[in-house]
Amino acid sequence: HVSSELVTKIKTEFSSYLNDDDIIVTSSIAPCIQYLIDHDDASGASGKSIMLSVDSGGAFGEVNELSRYSLAEVLDSTGQARLVNIFANMRNMNMCVHRIHNHKVVFEKVRRLPYLHSVYNFEEAIGCAVMSIRGKIVQLPHLFLCRQSHPNQFYHSVDMYNWFTDKYWYSAFNLLELTAID
């Protein structure tokens, strides 16, 4: 919910969501912004990305693994086709550079989610729905993002059974569904 509060304070035309253990390559930001300025039919832009882990399993240490990490690229000509595409092959698009008016819509919806569902799956799915419906998500040919994988990520600590049987799961799902058909 912190992101829901912070996004309302942004005064720029573009924004991105970045966790504390990930890095956006700063030289890639300007080309993403320029692409969005030049292409009204796009709602997000990113580039190539990598996933790394370090030997300590924490934030610091020697890099012991490096692999390609796929961010979303959704180029279909209609919002409906892009929505179908992203949900058929879910890939992260939170960290793209987005138009701020779309980001504000995403986090206004996320603010309505119960905590568990605002930090696990539905927050990202709502972002994917809004962004893909509102425009193409492009991936430019430069290094954009370095993500760090480690065993202490919150994502790995959520028990799927508890998440799915949570009394607020359906209301979170319903918000996603209404977002997609709205």
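In which helix is Val 110 found? Select Val 110 and you will see that this residue is found in helix α4, where helices (H or I, at least four residues) and strands (E, at least two) are DSSP runs numbered from the N terminus. Keep in mind that this is a predicted model, in which local features need pLDDT of at least 70 and side-chain atom pairs count only at pLDDT 80 or more, while totals for chains, interfaces and linings use all residues. Residues are numbered from 1 along each chain as its sequence is written, and side-chain values use heavy atoms, with hydrogens and water left out.

Val 110 is buried, with a relative accessible area of 2%; buried means under 20% relative accessible area, exposed over 50%, and partly exposed in between (1.4 Å probe, protein chains only).

Next, select Met 93, Leu 113, Phe 122 and Ile 137, which touch the most other members of the largest nonpolar core, a group of 27 residues. Such a core is a set of buried Ala, Val, Leu, Ile, Met, Phe, Trp, Tyr and Cys residues joined through side-chain atoms within 4.5 Å. Helix α6 gives the most to this core, with seven residues.

Finally, move to Ser 49 in strand β3 (residues 42-54), a residue that is buried at a relative accessible area of 4%. The side chain of Ser 49 reaches the backbone oxygen of Tyr 69 at 2.4 Å.

Methods:
Polar contact = N/O pair within 3.5 Å; in protein donor to acceptor, adjacent residues only side chain to side chain.
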